[in-house]
Structures are given as C-alpha cells and as structure tokens.
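The following questions and answers examine how computed values lead to the terms used for a structure. Each answer sets a value against its cut-off.

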Amino acid sequence: YGGSKYMKSPFFAFFKTFYSIHSDYRFPYHQDEWQHLGISIQAMEEGYNKEFNPFLGVEGWHADLESGFHLFLSNLFILTGANPILNYQYLAAIFSVITGFIVFLCTYRLTDKFYAGILSLIIFISLKSNINILGKDYFVPLTMALPFIFLFILYFLTSLKEKNYKKIIFSITILAVLLLIHPPSSVILIFPVFIELLFNLDFIKQGYKKLKLGVLLIPILVGIFFLLLWKGEWQATLGYLSDLLVFEQGWGKEEVTYFLPSLYGWVVTLFAIYGFTIANKMKLKFFLIFAFFSLGMTAFFNVFGFSVLVPYSRVIHYAMLALIPLSAFGILSVLYLVNKQFERNEVVHLLVSFILLAIVLNSQYKLDLEYKKYGQSPIDENDYRALIWLKQNFGSDNTLITPYLMTSAVYPISGNKVISLIPSQMGGGLIEKNLDFYKAGCNEKKDIIELGKADFILSKTIIECDYLNEIYSDGTLIYSINFI
C-alpha cells in the first residue's frame, strides 16, 4: 500500500504539469484538436466516412492518414460513455504521463542506468510545446505517437542486442501501429532504422531465412497503402503523393523558424553534444543517427524553404526527442566526474543536481512564448452554452455563421454546420465572406447569409439589422433570420 502511495505522487505531479494549459480552460484548445475530435464524432454518430465533410455539411473526399487516432478516440468515448467535449482536456496530460514513463523505461533499459532514465524523464517534462510545433500540451496524433516512438526504439534496439526475432517482429508491429496513428512519426524513424540494420547485416540475413513470409508481406502492405491513396489516374495520384511528401513554407499556417538550442535549451544542448561521444562509446548509435537525421532535415528547411517527408514543425520536435537521451548521457557523465572530485561531499552533489534541474526546467525562449497560446481561444463558456442551447432547441440540421475562430468547434459541440472552416485537418467554404461578415453592412451581410444558406448567426456583439431576430443573449448572441 505504501509503495502505491509513493507511485501515485509523481504520477499526479507530472499530470498536473502537463495539464497546466487546461487548468482554467475545460475544452479542446488547439484548432487541430477540435477538428480531430469532429472527425471522431462523425465516426461515432454517422459511421466512418472520408467522403463527407461534417463541419461544412458537404461532399468532399479527404485523406484520413491518421485513422488510427480517430478510431481510438471514437471507440474510447463510445466505450466509456464520457462527454467528448468536456473530457478531451485530460487526454494530452494522460498520454504525456505515459510517454514520460516510457522515455524513462527506454533510456533505463538500454543503458542499465536508473539515473539516466530519470534525467531523460526530467528533460522530456521540460520540452517546449506551443500551437506551432504542438507537443505534450495538446492531444493530437503526434501526442499519441510519442510513447510508441520510444517503445519502438526500446524493442528494436533490444531485439538487435539480444538477436531476438520475436522482439523485432513486435517492434515492426509497433511501427505499423505508429503509421496508422501519425505517419510522420513512423517515417522519421525509417532512416535511423535502415542505418542501424546495416550494422547488423548478419542478424538480418539469418532473420530473412527464418521470416521469409513476413518479409514478403512488406511489398503487399506497401501496395495496399498505395491503393488507399489512388485517385483514379496516375497523374492525379502522383500529384497527390507530392502534396503529401513535400511541405513548403507556410504549410503549418503559423510557420515559425526556430533556433534549436534556444528552443530545446542551451544547457541541455551542450550536454547533448557531450552525450554524442558517450552514446558512441555505449554503442547506442541509433540516437546519434536519429538526432543527425532530424537536425539535417531542419537545416534543409532553413536553406531551401521546404521539407521532404516530414513537415518542419514536426521535424523540430523529433530533433528535440532524439536529443533527450543524449543530454541525459552527458549530464550523468558530468555528475560522475563531480562525484569523483567530491566523493564524500554530499552537499556538493545535491547542489550541482539542483542547479542542473533548475536550469533544465526553467529555460525559456521568447519565440516559444509568443506562440504558447492563441490570441483568442476558439470558444469560451458563453459560446459553449449558446451552442448547446441551439442544439437543444433547434436540433443539429442547421447552418451557422459564427466568428471564424469558432468554426472548428460548432460541429463537435452541436452537430450543426458552418459556412466556412479554418484550414486544418479539413477546411474550405466561404472563408473570406465569413471573415468579412461581422464588419460588413446589413446589405452585404444579407448577401453572405443567402450565399451560405445560413439559418442562424452567432455573435459576440449586437447586430442591428431588421431581418435578424435575437433569440438568445446569455453572453453570446444568437440571431434567427427572417427575410421578408
């Protein structure tokens, strides 16, 4: 019982750290979160359908390359019966705690050094997260993918070390699951995996003889994946693949170029540089290759203005993940040196440890802080109550004009449609008209209403047009439309 009590304490401490963005905000925060949730709710209520945009209520095929994430969400809320809107807030923190544990386990098991695992966990907690690079503060496919990345690395490297074919099959299974959840997170691992396998050719040759059938399945799976992306003709399919594989500047809407040492933290970056030599001595080349490949991709984007295979805003995050164990190796090595110099002085040991811990956890980067939050949240409590009231009194078969930042939240909350949608997982509609609506005159507003075939207007301010009837006014205003 006592052990359970002590285990709970760090769990809740970590949870509270990761949950901070929702301490005073109980809804999904990021636009990506709202749209992923909307796709999952569509799967729950109407069936999984890639041919229909539920936010706009129009036909329109979209490639759901993160189907594993959406099916997880939909099944989670079906099985638990939890309110998707009000319980989504906990998922990022829960998965970040899980990731933290697996980061610790991965580093500890591969090095057999407990404190290397603890240091990796601390560095993971300190990683920056914002609306551009995403990360542990938001529950999106990347967040769900993080524990699988480190779980794959653990089993893959362990299988090579132990010459264990069962573990390598399990690691490949993890990689396949990762592909369904978040393709970039599996793609980024392919290069370091390939290089690592080149150092273990004898193991691979023996494995091929034992697992011929499994190897033959690889081209079959590649073929199935290609068929899923087939657009009816080669030119259209190749053009579509190009869009999926080449990410030009501006892809992430809030495109920001970061200086990695400032984003990751100068002190831990210096320790990571020292950790490169330690990792090489420990024969953990995978982390070196992973780090060099990720850093190389960020440099490629900075020089040429586009990235290949993985978007820049994700690569910068993978670069930080790759540096975590290297920083831990560097810090631990320095602590061992301090231990030798001050072998009997525990005060010095504690002082050095606390100084390092304080520096790691309190490093700040101005550019990260600027993109920590939106200038305005997608919705507030008044908006939520208004949308619920509209659903309860007028149902879910309506088209609304709402403030632009609210558009991603309308369908998940009320089941209603909007005239435009912020580009994210989906997008489109009358975006420019939606942006112009609230500053337009009554005649222009009328044209936009007719063009969008809107049934209701939601507004944060009073609209005085003779064809609008105010039907709700608790913080957020709702107007019905009555053209004579």
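Q: How many helices and strands does the protein chain have?
A: The protein chain has 22 helices and 11 strands, where helices (H or I, at least four residues) and strands (E, at least two) are DSSP runs numbered from the N terminus. The model is predicted, so local features need pLDDT of at least 70 and side-chain atom pairs pLDDT 80 or more, while totals for chains, interfaces and linings use all residues. Residues are numbered from 1 along each chain as its sequence is written, and side-chain values use heavy atoms, with hydrogens and water left out.

Q: What makes F69 and F139 a tilted aromatic pair?
A: Rings of Phe, Tyr and Trp (its six-membered ring) pair if their centres lie within 6.5 Å; planes under 30 degrees apart are stacked, over 60 edge-to-face, and the rest tilted. The structure holds 32 aromatic pairs. In the pair of F69 and F139, the centres are 5.1 Å apart and the planes stand at 45°, so the pair falls in the tilted class.

Q: Why does the pair of F69 and F139 tie together parts that are apart in sequence?
A: F69 belongs to helix α3 (residues 67-80), whereas F139 is in the loop between α6 (114-126) and α7 (141-162), so the parts joined are 70 residues apart in sequence.

Q: How do you know whether F69 and F139 are buried or exposed?
A: Buried means under 20% relative accessible area, exposed over 50%, and partly exposed in between (1.4 Å probe, protein chains only). F69 has a relative accessibility of 0% and therefore counts as buried; F139, with a relative accessible area of 0%, is buried as well.

Q: Why is the pair of F104 and Y108 called stacked?
A: Their ring centres are 5.6 Å apart and their planes meet at 25°, so the pair is stacked. Both residues lie in helix α5 (residues 91-111), 4 residues apart, about one turn of the helix. F104 is buried at 13%, whereas Y108, at 28%, counts as partly exposed.

Q: What makes K446 a charge over the ring of F483?
A: The criterion is that NZ of Lys or CZ of Arg is within 6 Å of the ring centre and within 35 degrees of the ring normal. The charged end of K446 sits over the ring of F483, 5.2 Å from its centre. K285 likewise lies over the face of F199, at 5.7 Å from the ring centre.

Q: Why are α7 and α15 called oblique to each other?
A: Angles under 35 degrees are roughly parallel, over 145 roughly antiparallel, 65 to 115 roughly perpendicular, and the rest oblique. α7 and helix α15 (residues 285-304) pack at about 135°, with axes 11 Å apart; these axes are lines fitted to C-alpha atoms over the stretch in contact, and angles run from 0 to 180 degrees between N-to-C directions. The two helices are therefore oblique.

Q: Which residues of α7 and α15 meet?
A: I153, F156 and L157 in α7 meet F286, F287 and F290 in α15, contact being heavy atoms within 4.5 Å.

Q: What is stated about phi of K453, and is K453 buried or exposed?
A: Phi of K453 is near 50°, a positive value in a residue other than glycine. Most residues other than glycine have a negative phi. K453 lies in the loop between α22 (442-452) and β9 (456-459), and its relative accessible area of 66% makes K453 exposed.
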